[in-house]
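The stops below go from one selection to the next.

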Amino acid sequence: MPWRWCSRRWSARLAEKAGAGGVPFGGMDTMPDIAARLKVLERVIADPPHVHPDAPNGSAWRTSRRCYEFLAGAVTPGARTLETGAGLSTILFTAWGCMHTAVVPIPEEAAVLREYCETRGINTDHLSFDLRGSEQALPERYGDGPLDLVMLDGAHAFPLPIIDWFYGAGRLRSGGIAVFDDAPLPAVRSFLDGYLELDPRWEHVDGTRKWRAYRRLSEGSLAEHESEQAFFRGPKPSVSRRAVGRVGSMLPKSLRRVVLPQ
Ligand SMILES: C[S@@+](CC[C@H](N)C(=O)[O-])C[C@H]1O[C@@H](n2cnc3c(N)ncnc32)[C@H](O)[C@@H]1O
């Protein structure tokens, strides 16, 4: 689905309206190549939406430039994309011509992002917002069809990133990409290091300390029997717990219940 830049005349009118900080993005008809997408990225970084007033920079919470560059290489116009949370990433997916859904429970954020697109001549025909928490929206949207890329950057408290992965990344086609931001946060890190890194059906394809991208090598629902997860052993018991277990196994059964912690 090609990204349709506004006509030159419309661009000129927007430029007038938007003033120096909001010059429209350009006059290209499509966004087929990565160089064009990277140009858009530069423009959005230089002119970010004021979407998260509580962000330390007073404008927008954001991930690293490298992550956005990765996204620019991972999608093409018409890609079916979904993100939890919203921000610069929403503008980028939209401007790049993706069929994009942003799941975010704060209507004001959606309004700011829509207005940003309108004043910069970015076509929003294929952008939709679901104004609910992802924990509520994603299970209900589960039957909505396959996705090419999901960006999981909404709520970061346990167990929300896992819910987002299950219902969001569970819709990825084989070869689709899941991007996790804020990887150092405990709920994200423990899931990625404790589970996803061990699962051979997810290939770690890129990332830094802040974010990680995985390619899905399977498809269909992520619900399965534990016998499908032989790679997953759970956390290792501590040395003292293992020692107690070993000593306990040498005791007669009648004594075990008395001596061992239950
Ligand atoms: C770090 S920001 C997203 C930044 C964005 N991905 C980017 O790179 O520009 C986190 C977003 O998550 C949203 N959020 C918070 N709780 C959420 C929830 N339960 N479901 C979905 N989004 C949520 C916030 O409103 C905010 O827009």
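Axes here are lines fitted to C-alpha atoms, for helices over the stretch in contact, and angles run from 0 to 180 degrees between N-to-C directions. Helices (H or I, at least four residues) and strands (E, at least two) are DSSP runs, numbered from the N terminus. The model is predicted: local features need pLDDT of at least 70, side-chain atom pairs count only at pLDDT 80 or more, and totals for chains, interfaces and linings use all residues. Residue numbers start from 1 along each chain as its sequence is written.

**Whole chain**

Select the whole chain. It holds 10 helices and seven strands. Of its 262 residues, 35% count as buried, where buried is 20 or more other C-beta atoms within 10 Å of a residue's own, exposed is 12 or fewer, partly exposed is in between, and C-beta atoms are placed from the backbone. Among contacts in the chain with a separation of 6 or more, 68% join residues 24 or more positions apart; a contact is a pair of residues whose C-beta atoms, placed from the backbone, lie within 7 Å.

**α2 against α4**

Select helix α2 (residues 34–46) together with α4. Their axes are 10 Å apart and the packing angle is about 145°. Show Val40, Leu41 and Val44 on α2, then Leu88, Ile91, Leu92 and Ala95 on α4, which make the contact. By class these are seven nonpolar, no polar and no charged. Ala, Val, Leu, Ile, Met, Phe, Trp, Tyr, Cys and Pro count as nonpolar, Asp, Glu, Lys and Arg as charged, and the others, Gly among them, as polar.

**α4 against α5**

Thr90, Ile91 and Thr94 of α4 meet Leu113, Tyr116 and Cys117 of α5. This contact divides into four nonpolar, two polar and no charged residues.

**Around the ligand**

Which residues come nearest to the ligand? Of the 21 around it, they are Trp61, Gly85, Gly87, Gly133 and Gly154. A residue is near a molecule if its C-beta atom, placed from the backbone, lies within 6 Å of it. Colour α4 (88–95) and α6 (134–140), the elements that give two or more residues to this shell. The shell divides into nine nonpolar, eight polar and four charged residues.

**Two backbone details**

Most residues other than glycine have a negative phi, and most peptide bonds are trans. Go to the peptide bond from Phe158 to Pro159, which is cis, with omega near 0°. Pro159 lies in the loop between β4 (147–152) and α7. Next, select Asp182, in the loop between β5 (172–181) and α8. Its phi is positive, near 60°. Asp182 counts as partly exposed because it has 17 C-beta neighbours inside 10 Å.

**α7 against α8**

Finish with helix α7 (residues 160–168) and helix α8 (residues 186–194), whose axes come within 8 Å and cross at roughly 50°. The pair is therefore oblique. Leu160, Pro161 and Ile162 in α7 meet Ala187, Val188 and Phe191 in α8. The contact of α7 with α8 has six nonpolar, no polar and no charged residues.

Definitions and conventions: Two residues are in contact if their C-beta atoms, placed from the backbone, lie within 7 Å. Angles under 35 degrees count as roughly parallel, over 145 as roughly antiparallel, 65 to 115 as roughly perpendicular and the rest as oblique.
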